[in-house]
Structure formats: structure tokens, C-alpha cells
Amino acid sequence: FGIIYKFKDYLRPVSNNEDRTANELMGTTGMFWFFSGNEGFLGVKYSINKDWTEGKNWEYFGHKINASLLVPFFKKIKFNVIAETFLQDYHNVHTVFNKKRDDQTYTASSVLSYEFIKNTELQVRYTYVNNQSNLNLYEYDRNIVSAAIEYKF
């Protein structure tokens, strides 16, 4: 269980209605089931959030559902799969399109990790994001491939 507060400060908005500077309040709950000697897990999480933005076009109420699976293949190699759905219900009528915005964002991600030094991993990640909106301007697909080195202390 958790409660999260964020202040987001976006610089140089295009117009006052597009200012995404916001206060965000989020409540979250989740559960994990561990296996393989607590090295692997299956997790589910639900979050509800509210964004109070400076710009009228960005204020929303959201729901996020997340599921993740971490599978240890060998002592030093792990594979992680994550799926997430984020539903955003915008409060105000959009100042340009003259209707309320409604977005659904679907994300799938996979990470392959190799611990090459104690507490240090090489990670390769693929993420796919599909944002669907009733306003075509805000629809997009995104494919992201990244690599990182992570040190845990």
C-alpha cells in the first residue's frame, strides 16, 4: 500500500491551456508472489491518481493496472516481463477540439539482465507503448530499445 505525492514542473508551455505543471496525488496497492527461493516473482499492482494541472487541457483522473513477472534462468541471468494499462479521464473540454479527452495507454516491456560483477547488471530492454485517444493528435505507438548498467548498493 502506498500514497505518493509529486510536484511536476514543466518549463515553457506552448500556451496556458497546455501547461502540464501539476500536483499529483496517487494511491497504490499491490501484491507479490515469490518463487525459486525468492529469486523470482509475479506481481500485480493497481494505482489511482489525480493530476491538478495549470493548463485546462491536461487535468485528469487515472487508473493504472500493472502485472510483472521476473524469472531467474540461472544464478546470474534474469528475465522480466511487464504489462501495464493506464486509463486517463480528462476533466475539461479541450480548448482546441471542443470535447473531453479520454486516453488508454498500453505498455509491454521485457528486460534481460546479466550480473557480470557482484551487484552490477548489464540490462537490455525492449518497450512497446500504444497510446489510444479519442483526440487523434494524442495517439501514438512507440518502440524503445535500451541498454543499461545497473549497480545496486
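This is a predicted model: local features need pLDDT of at least 70, side-chain atom pairs count only at pLDDT 80 or more; totals for chains, interfaces and linings use all residues.
Reader: OK. Second largest pocket: what is its lining by class?
Author: Seven charged, three nonpolar and two polar residues.

Reader: Which residues line the second largest pocket?
Author: Glu39, Pro72, Phe74, Lys75, Lys76, Ile77, Lys78, Glu115, Asn119, Thr120, Glu121 and Lys152. At least two residues come from β5, and at least two from β7 (120–133).

Reader: And what volume does that pocket have?
Author: About 240 Å³. The largest pocket holds about 360 Å³.

Reader: What lies nearest the centre of the largest pocket?
Author: Lys8, Arg20, Tyr60, Phe86 and Gln88, out of 20 lining residues. Two or more lining residues come from each of β1 (2–8), β2 (22–35), β3 (40–53), β4 (60–72), β5 (77–93) and β6 (100–117).

Reader: How do the lining residues of the largest pocket divide?
Author: Nine charged, six nonpolar, five polar.

Reader: Switching topic. What makes up the largest nonpolar core?
Author: Six residues: Trp58, Tyr60, Phe86, Tyr90, Leu135 and Tyr138. Tyr60 and Phe86 also lie among the residues nearest the centre of the largest pocket.

Reader: Why group buried nonpolar side chains at all?
Author: Because nonpolar side chains tend to be buried together in soluble globular proteins.

Reader: What does tyrosine 138 touch?
Author: Leaving out residues up to four places away in sequence, Tyr138 touches Glu18, Trp58, His94, Phe97, Arg101, Asp103, Asn131 and Ser133. Trp58 is also a member of the largest nonpolar core.

Terms used:
Residues are numbered from 1 along each chain as its sequence is written. Side-chain values use heavy atoms; hydrogens and water are left out. On a 1 Å grid over the protein atoms alone, a cavity is a set of points where a 1.4 Å probe fits but cannot get out, and a pocket is an open set with protein on both sides within 12 Å along at least five of seven lines; lining residues have an atom within 4 Å of a point. Grid points are joined across faces, edges and corners, and a volume is the space filled by probe spheres set on the points. Helices (H or I, at least four residues) and strands (E, at least two) are DSSP runs, numbered from the N terminus. Ala, Val, Leu, Ile, Met, Phe, Trp, Tyr, Cys and Pro count as nonpolar, Asp, Glu, Lys and Arg as charged, and the others, Gly among them, as polar. A nonpolar core is a set of buried Ala, Val, Leu, Ile, Met, Phe, Trp, Tyr and Cys residues joined through side-chain atoms within 4.5 Å. Buried means under 20% relative accessible area, exposed over 50%, partly exposed in between (1.4 Å probe, protein chains only). Contact means heavy atoms within 4.5 Å.
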